[in-house]
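Me: I'd like to learn how to read a structure like this one, feature by feature. Could you walk me through it?

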Amino acid sequence: MSRPVSLVPFVPATRMQDAEALARAARRIEEAAARLDPKLELQPQVRTDGWLELSVRRESLLEVARMLRDRLGYDYLLLLTGVDWEDKGFQVVLHVQNLSSGERLVVTVNIPRDDPRCPSVTSIWPTANWHEREAWDLLGIRFEGHPDLRRILMKEGWIGHPLRKDYQDTRPPRERLPRPVR
Amino acid sequence: MDTQIEPRTAGGEEIHTEEIMVNMGPQHPSTHGVLRAVLTLDGERITGVDCDIGYLHRCFEKVSEKLTYPQIIPYTDRADYLGGMTNELAFVLTVEQALGIEVPRRAQFIRVIMSELQRIHSHLIWFGTFGLDLGATTPFLYSFRDREVISDFFEEVSGARMMYNYMRVGGVRNDITAAWVEKVREFLRRFPAYLQEYDDLLTGNPILKARTRGIGRIDAATAIAYGASGPVLRASGVAYDLRKNDPYLVYDELSFEVATATEGDVLARYRVRLKEMRESARLVQQALEGLPEGDFLGKAPRIIKLPPGHYYGHVEGPRGEVGCYIVSDGDRRPYRLHWRAPSFVHLQLLPIMAKGHFMGDMVAIIGSIDIVMGEVDR
């Protein structure tokens, strides 16, 4: 067998904790966002663990996500999940990465608790499909534009969304059978 | 049923045909656990696959919110039960990074040894069961013979053969002894001959080639778009390996090659995994040679509280990128914990890989993704 050729250039070790690299990545995002729509006012922050964090308004998530993939090369969605912040509503968290440069970014979207809707990013990163189904199943965040938003881990017809902090099990208590007498 | 079926004729007359649905699993032995795949078939050809998962859902993430950080470590073993060491590692690395703990060098080397032995262990199970899926019974016996040896190594250091609970915040639970090191060395001396045996038994087999070449093909762009990682991504020609691309522990001091292939089919994934075993053995060898003296468990706070914030840590597990996302509100328990399981992500590729192939190929395709349902359902 001939030696396999790498289709994507091999990435040297990228230390994103490096402050200079972080600042550079942040600047690229700010510039691209300003070109896209000056009203977006995107300001990447450095998160506690050294990832860049970008807080996006719900209405502009789709256009920002498309910009991130097409203009800045964030082609790899690591994970999409949600956090229940009780009174402060939900937060949808996306971890994305640029595979060829090693740049990494967290995109967060805050959504109100009484209206848990969020645009689906499956059209941009197809892998979001199951992640979004899981977030819908366990947290009850409704992803609009998702091709097939069904429960995924819990069975069909389950009541409630178990990962919510205020989740109550609605099933009747299980009847305890008496211990068999030997 | 969105695909159009060509009308078939018999004796000049059009006959009625329709797609049929076939349930594969959840008790099918080749679905490696409890995966139920609902296949839509046009004759023998697969036109659609719908995966039904969740049979093994154990509320890992919900339970974790009620546990302190050290208590979560044994639970991570049960997510991917064939990759316990790397799962624990993903978790403790994330916690250590949040606390800013320095881990002793000896502990880092021990962790590398355990991760790589775990990779060999997991790939051996995959090799055996993949052969079984395709009807080759003998390789299974050989690979399980060798996997037993690694299980014994793990049992000696941790007391368990599968659910190790070995990693600790700040290091590992038990030190490794000189006698243990010697046993591993002895195993590594014999291992190349074992790999040769596997090659002789299965790799050159014309039936294996016929059943895997060109089957379940995905290209690099699809693999990236669907978030594939590990051997699935590398078999499609993307040399992405966290041990090189975001080195943790002491991987940047050790030399190894990233196994890749370009075909992206079942055979390519098979080759990548076999090559990875070879590289892992090299890594263990180097780590054993460089193993420094010192502490195996560093200083960590007695009560572990993470500063409020979000933390993501990842390692290269046997199946791909294992990620751990922790949200802390400053308590002893995580406010939210999310597990990025590579099998969960890879299973989404199944419909794309299987479309257009025969139903019999489905078994080979599922085997080549190397899913662990414990990790898919968590």
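Reply: Happy to. Let's begin with what a contact is: two residues are in contact if their C-beta atoms, placed from the backbone, lie within 7 Å. Keep in mind that this is a predicted model.

Me: With that in hand, how many residues of chain A are in contact with chain B?

Reply: On the chain A side there are 34, and they meet 40 residues of chain B. Two elements of chain A, β3 (76-84) and α3 (128-139), each give two or more residues to this side. The most come from β3(A), which gives six.

Me: Now helices. How is a packed pair described?

Reply: Two packed helices are described by the angle between their axes and the distance between the axes. In chain B, take helix α4 (residues 105-133) and helix α11 (residues 266-290): they pack at about 155°, and their axes are 9 Å apart. An angle over 145 degrees counts as roughly antiparallel, and therefore α4(B) and α11(B) are described that way. Their crossing is left-handed.

Me: Which residues make the contact between α4(B) and α11(B)?

Reply: From α4(B), the list includes Phe109(B), Ile113(B), Leu117(B), Ile120(B) and Trp126(B). From α11(B), it includes Met277(B), Ala281(B), Val284(B) and Leu288(B), with Arg273(B) and Glu276(B) also among them. Taken together, the residues of this contact divide into 12 nonpolar, three polar and four charged.

Me: What angle does helix α3 (residues 84-99) of chain B make with α4(B)?

Reply: About 135°, with the axes 8 Å apart. That angle makes α3(B) oblique to α4(B). Here Gly84(B), Met85(B), Thr86(B) and Leu89(B) of α3(B) meet Arg111(B), Met114(B), Ser115(B) and Gln118(B) of α4(B). The residues of this contact divide into three nonpolar, four polar and one charged.

Me: Let's turn to the strands. What is the order of the strands in the open sheet of chain B?

Reply: The order is β3-β4-β5, three strands with antiparallel pairing. At the edges sit β3 and β5 (45-52) of chain B, each of which pairs on one side only. From one strand to the next, the twist averages 25°.

Me: How many bridges join β3(B) to β4(B)?

Reply: Five bridges join β3(B) to strand β4 (residues 36-42) of chain B, and the two run antiparallel.

Me: Is strand β3 of chain B enclosed or largely in the open?

Reply: Burial is judged by counting neighbours: a residue is buried if 20 or more other C-beta atoms lie within 10 Å of its own. Of the five residues of β3(B) (residues 20-24), the number buried is zero, so β3(B) lies largely in the open.

Me: Which helix packs on that sheet?

Reply: Helix α14 (residues 359-369) of chain B does, touching β3, β4 and β5 of chain B, and its direction makes about 145° with that of β4(B). Nine of the 11 residues of α14(B) are buried, so α14(B) is largely enclosed by the rest of the structure. Among the buried residues are Asp361(B), Met362(B), Ile366(B) and Ile369(B). After α14(B) comes Asp370(B), whose phi is positive, near 60°.

Definitions and conventions
Residues are numbered from 1 along each chain as its sequence is written. Chains are lettered from A and ligands numbered from 1 in the order in which they are written. This is a predicted model: local features need pLDDT of at least 70, side-chain atom pairs count only at pLDDT 80 or more; totals for chains, interfaces and linings use all residues. A residue is buried if 20 or more other C-beta atoms lie within 10 Å of its own, exposed if 12 or fewer, and partly exposed in between; C-beta atoms are placed from the backbone. Helices (H or I, at least four residues) and strands (E, at least two) are DSSP runs, numbered from the N terminus. Two strands pair if DSSP finds at least two bridges between them. Axes are lines fitted to C-alpha atoms, for helices over the stretch in contact, and angles run from 0 to 180 degrees between N-to-C directions. Angles under 35 degrees count as roughly parallel, over 145 as roughly antiparallel, 65 to 115 as roughly perpendicular and the rest as oblique. A crossing is left-handed if the near helix is turned anticlockwise from the far one by less than a right angle, and right-handed if clockwise. Ala, Val, Leu, Ile, Met, Phe, Trp, Tyr, Cys and Pro count as nonpolar, Asp, Glu, Lys and Arg as charged, and the others, Gly among them, as polar.
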